[in-house]
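Open the model in your viewer and keep the selection panel at hand. This tour tells you what to select next and what is there.

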There are 2 protein chains.
Amino acid sequence: MQPVTYQPIGIIRSPYVDVVGMPIQAVAARGVAGTIELAPSLAGGIKDIEGFSHLTLIYHLHLSKGVELEVVPFMDLKAHGIFATRSPKRPNPIGISVVRLTGVEEGRLLIEDVDIVDGTPLLDIKPYVPAIDDRQTDRIGWFAGRVERVQEIRADDRFQQP
Amino acid sequence: MQPVTYQPIGIIRSPYVDVVGMPIQAVAARGVAGTIELAPSLAGGIKDIEGFSHLTLIYHLHLSKGVELEVVPFMDLKAHGIFATRSPKRPNPIGISVVRLTGVEEGRLLIEDVDIVDGTPLLDIKPYVPAIDDRQTDRIGWFAGRVERVQEIRADDRFQQP
């Protein structure tokens, strides 16, 4: 398979200069404000984006070091396959977060609910639309009985060690 | 900003050999069966994935040709900024779909609700967990009053023309 190369469309700014202590999901970062600094050449791409209250961000987890096929995620004490977790040490370290859009300025988007470290390269922005994005699940695997703890658990440095 | 290079983790197989006529979102592809052929070296990464009813797939829209900062999406007659749409002609042609996981075989995942063309390079798989992924929106921009049509609209070749 051919490798795929992307050029970041911008940079995500946030209050988190370090991964340690960060919320581990956007739902646990309620009200945390950040900014998207969009590449100037792409400014035309955000026309009409102000109509949306939420955006899905797709970004490169640039601080993740190395790959592990089984990891002990922040929310459990047992190891699971990396594709059954949201942990950063993925074969392709891609992160997704749904954030709240609070303002649009010249070449910048103001956002909240930011669980992303400062300086993260942004790959894509999509409008979040529940009728397209939400599902009724039957099973949520090992998250069952644990996902409620997402609000209290914070990140440590386990995924920054090579 | 430095470019980012990813190696696909597998290939998505589907009944759609051509983009034309495809459903434009996974919610409009109910029951359409496909397969993920995972790279053999990554087989260990799917441990415990069978516990999840839904997965978020992140993939490379390899048939999208060129970039347009404003597009007329399938669901509207007016142009919008590319980041206010889900159209493929994005600066980084990354697609996301939430699909149903129906089975796990040696190195293969059986999936349904597949709105993805056959042969698409897969970049990442994440377990879909509503408590993490779903939001209450205040505004869905130009999708308001139009998203209901997602079930009837089918793709054409507008995003395959350079």
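Two residues are in contact if their C-beta atoms, placed from the backbone, lie within 7 Å. This is a predicted model: local features need pLDDT of at least 70, side-chain atom pairs count only at pLDDT 80 or more, and totals for chains, interfaces and linings use all residues. Residues are numbered from 1 along each chain as its sequence is written, while chains are lettered from A and ligands numbered from 1 in the order in which they are written.

**Stop 1: a core residue.** Select B:Leu57. Leaving out residues up to four places away in sequence, B:Leu57 touches B:Ile96, B:Ser97, B:Val99, B:Leu122 and B:Ile125. In the largest nonpolar core, which has 92 residues, A:Leu57 and B:Leu57 touch the most other members. Such a core is a set of buried Ala, Val, Leu, Ile, Met, Phe, Trp, Tyr and Cys residues joined through C-beta atoms within 7 Å. Buried means that 20 or more other C-beta atoms lie within 10 Å of the residue's own.

**Stop 2: the barrel.** Stay in chain B. Strands here are DSSP runs (E, at least two residues), numbered from the N terminus. Two of them pair if DSSP finds at least two bridges between them. Show β2-β3-β8-β7-β4-β9 of chain B: these 6 strands form a closed barrel with antiparallel pairing. On average, neighbouring strands of this sheet are turned by 45° against each other, direction ignored; the axes are lines fitted to C-alpha atoms. Zoom in on β2 (residues 10-13) and β9 (residues 120-127) of chain B, which run antiparallel and are joined by 3 bridges. There, B:Ile11 stands opposite B:Pro121.

**Stop 3: where the chains meet.** Select both sides of the contact: 59 residues from chain A and 59 residues from chain B. On the side of chain A, β9(A) gives the most, with 6 residues. By class, this side has 33 nonpolar, 14 polar and 12 charged residues. Next, pick β1 in both chains. β1(A) and β1(B) pair in the antiparallel sense over 3 bridges. A:Tyr6 has B:Val4 as its bridge partner.

**Stop 4: the axis.** How is chain A superposed on chain B? A rotation of 180° with 0.0 Å of shift along its axis does it (RMSD 0.0 Å). That is the relation of a two-fold axis. Finish at A:Thr5, whose C-alpha comes closest to the axis of the residues of chain A, at 2.1 Å. The copies meet through the same surface, because 100% of the interface residues of chain A are also interface residues in chain B.

How values were computed
Helix = DSSP H or I, 4+ residues; strand = E, 2+ residues; numbered from the N terminus. Nonpolar A, V, L, I, M, F, W, Y, C, P; charged D, E, K, R; others polar. Axes fitted to C-alpha atoms, helices over the stretch in contact; angles between N-to-C directions. Buried ≥ 20, exposed ≤ 12 C-beta atoms within 10 Å, placed from the backbone. Least-squares fit on C-alpha atoms with pLDDT ≥ 70 in both.
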